[in-house]
Amino acid sequence: MSSPEIPFANYQYEIYLRGSMMNQRPRRPLDWQRLEEQAAATLARGPWGYIAGGAGRGDTMRANQAAFDRWALSPRMLRDVAQRSTARTVLGTPLPAPVLLAPIGVQTLAHPDGELATARASARTGVPLVTSSASSFTFEEIAEASGDTPRWYQLYWPKDRTIATSFIRRAEAAGYSALVVTLDTWLLGWRPMDLDEGFLPFLWGEGNVNYLQDPAFRALLAAPPEEDMQAAIGQFAFQFSNPAVTWEDLAFLRETTELPIVLKGILRADDARLAAEHGVDGVIVSNHGGRQVDGAIGALAALPEVVDAVGDRLEVLFDSGIRGGSDALKALALGARAVLLGRPYMWGLATGGEDGVVDVVRSLLAELDLAMALTGHRTIDDVDRSALVATP
Ligand SMILES: Cc1cc2nc3c(=O)[nH]c(=O)nc-3n(C[C@H](O)[C@H](O)[C@H](O)COP(=O)(O)O)c2cc1C
Ligand SMILES: CC(C)CC(=O)C(=O)O
């Protein structure tokens, strides 16, 4: 779609032109707060609670927002930003902007086309998606729908290594170019909104398709799922996660694949150093959008110490709380190589399927381009901590 020669910011002129020449308004709010309200009104209580909810009292979710408030952008003037580009190479892959779509499971909760709609939006915008192990379509179907746009694969590391190996091989064969290993969800956080509804969509719902069809998983069953679904789901629930994993186990992943490995859920400098010592290629500073540990550090507050500890050895990415282009720019200024967008693209998916995700992604890219330019930067690589001041 947009190339560096056609700045993403031009999206706003398209919208103004449609409004003034054709009296056409955008299909859904570009104001994300209103979009979120519309998504909440579109979805039933269970799915909405699952997407929106956080752990415990929601303190970590609030801390994520508060951490952005602690930094303000400090714009520079008269720096010729006529020619500019948001492009950046992330883990060896050239991207139109340092932005990816975070792994989100069971997306059919938001829209019947689920991850296929997200993947098509990824194909249309050039912004990669990270496919979750708990996706509601197969890794292969999602890969096909994402076309030529690069894609990454997120592993929820199962107990049985033959299943983990099978998932990795399937991801490699389907053209995923990095392996994201999520570290913060070996156990599900205490999530009152889901508990109040008794709603756990991925175990019994469509989030198990990648297990039920996997040859290594099926080899562990006494009878195929088509004959004994209850036993298959029991085995899936048992296999899904392995809270006993330690740093030493990473050697298995390193030996199993040559894909770059990225650890998701790092919040401390010492863990980041351990990640570097264990031969991974990147980390994602993230607290899972406040869905796991309540009362935890806001993810952005943890970013500088992780960048200072390992930024010269690993690519440090960031998610948890990105709600617009200025948030993305703040994380990039603090040293994130790229950011991952989470819940907001689910609001687009819920309200408009594929087109809804495209609109959310285009508005983020436009706002990031504008934030970069209006603060006096021509490229993302020009952006550093001097773009920020701490707020009193
Ligand atoms: C509904 C939902 C499902 C998620 N599923 C996954 C998942 O399957 N794997 C994973 O690593 N992270 C998952 N996450 C976490 C996201 O990847 C990301 O860390 C989080 O959404 C960032 O917070 P934010 O959305 O508030 O910005 C999920 C998040 C949400 C909201
Ligand atoms: C446990 C998963 C299947 C999904 C997830 O990561 C989440 O709900 O936060």
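Here are some notes on the packing and the ligand surroundings in this predicted model.

1. Start with the core. The largest nonpolar core runs to 115 residues, and Val283, Val285, Leu303, Val306 and Val339 have the most contacts inside it. Helix α17 gives the most to this core, with 15 residues.

2. Val283 is worth a click. Not counting residues up to four places away in sequence, Val283 touches Val262, Leu263, Ile266, Ala272, Ala275, Val306, Leu314 and Val316. One of these partners, Val306, is also listed with Val283 among the residues with the most contacts inside the core.

3. Next, α17 (residues 343-374) and its partner α5 (residues 114-125). Their axes lie 8 Å apart at an angle of about 10°. Angles under 35 degrees count as roughly parallel, so α5 is roughly parallel to α17. On the α5 side the contact uses Ala117, Thr118, Arg120, Ala121, Arg124 and Thr125, while α17 brings Tyr345, Leu349, Gly353, Glu354, Val357, Val358, Val361 and Arg362. By class, that contact divides into 7 nonpolar, 3 polar and 4 charged residues.

4. Now look at α4 (residues 59-69) against α15 (residues 299-310). These axes come within 6 Å and cross at roughly 60°, which makes α4 oblique to α15. Asn64, Ala67 and Phe68 of α4 meet Ala299, Leu300 and Ala301 of α15. The class count here is 5 nonpolar, 1 polar and no charged residues.

5. Is Gln107 buried or exposed? Gln107 has 29 other C-beta atoms within 10 Å, and the cut-off for buried is 20 or more, so Gln107 counts as buried. You'll find Gln107 in the loop between β4 (99-101) and α5. Leaving aside neighbours within four places in sequence, its contacts are Gly114, Glu115, Thr118, Ser135, Ser136 and Leu349. For scale, Gln107 and Val389 sit 282 residues apart in sequence and 38 Å apart in space, C-alpha to C-alpha.

6. Ligand 1 has 20 residues around it, and the closest are Ala102, Gly105, Ser132, Gly289 and Gly342. Sorted by class, its shell holds 7 nonpolar, 10 polar and 3 charged residues.

7. Which residues surround ligand 2? They are Gly105, Ala134, Thr185, Leu188, Phe202, Gly207, His288 and Arg291, which split into 3 nonpolar, 4 polar and 1 charged. Gly105 turns up in the surroundings of ligand 1 and of ligand 2.

Conventions:
Residues are numbered from 1 along each chain as its sequence is written. Chains are lettered from A and ligands numbered from 1 in the order in which they are written. This is a predicted model: local features need pLDDT of at least 70, side-chain atom pairs count only at pLDDT 80 or more; totals for chains, interfaces and linings use all residues. A residue is near a molecule or strand if its C-beta atom, placed from the backbone, lies within 6 Å of it. Ala, Val, Leu, Ile, Met, Phe, Trp, Tyr, Cys and Pro count as nonpolar, Asp, Glu, Lys and Arg as charged, and the others, Gly among them, as polar. Axes are lines fitted to C-alpha atoms, for helices over the stretch in contact, and angles run from 0 to 180 degrees between N-to-C directions. Helices (H or I, at least four residues) and strands (E, at least two) are DSSP runs, numbered from the N terminus. Angles under 35 degrees count as roughly parallel, over 145 as roughly antiparallel, 65 to 115 as roughly perpendicular and the rest as oblique. Two residues are in contact if their C-beta atoms, placed from the backbone, lie within 7 Å. A nonpolar core is a set of buried Ala, Val, Leu, Ile, Met, Phe, Trp, Tyr and Cys residues joined through C-beta atoms within 7 Å. A residue is buried if 20 or more other C-beta atoms lie within 10 Å of its own, exposed if 12 or fewer, and partly exposed in between; C-beta atoms are placed from the backbone.
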